[in-house]
Amino acid sequence: MKYSYRTKGTCSQQIDLEINDDVITNVKFYGGCDGNLKAIPILVDGLTVDQITKKCAGIQCGFKNTSCADQLAKAVLAAKEAEEQGAN
């Protein structure tokens, strides 16, 4: 299932991803730091929602209370909930 998430508190504005039976693939960030946001999708491709949230949740960027990685953790949890409800 394809899922889009609007980020909050980061330079990136949106994350698109695919979720299939709790496995995340095809992550794409829009906006933000080019190098980091090319690396993160490669590093998390094929991981489960739980694996991504354990690695990324709570990471801060500078003085911000969140980061693109933290927003990804929120996005995959939201995608999992949507997948379980059968919606997008």
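1. With which side chain does the side chain of glutamine 14 make a polar contact at 3.4 Å? The partner is the side chain of arginine 6; a second polar contact, at 2.7 Å, goes to the side chain of aspartate 16. A polar contact is a pair of N or O atoms within 3.5 Å, where within protein one must be able to donate a hydrogen and the other to accept it, and residues adjacent in sequence count only if both atoms are side-chain atoms.

2. This is a predicted model, in which local features need pLDDT of at least 70 and side-chain atom pairs count only at pLDDT 80 or more, while totals for chains, interfaces and linings use all residues. Residues are numbered from 1 along each chain as its sequence is written, and side-chain values use heavy atoms, with hydrogens and water left out.

3. Glutamine 14 lies in strand β2 (strands are DSSP runs of E, at least two residues, numbered from the N terminus).

4. Strand β1 (residues 2-6) runs antiparallel to β2 (residues 12-20), and five bridges join the two; strands pair if DSSP finds at least two bridges between them. Serine 4 has aspartate 16 as its bridge partner in β2. In the hairpin, five residues sit between the strands, and glycine 9 takes a positive phi near 85°.

Definitions and conventions:
Buried means under 20% relative accessible area, exposed over 50%, partly exposed in between (1.4 Å probe, protein chains only). Helices (H or I, at least four residues) and strands (E, at least two) are DSSP runs, numbered from the N terminus.
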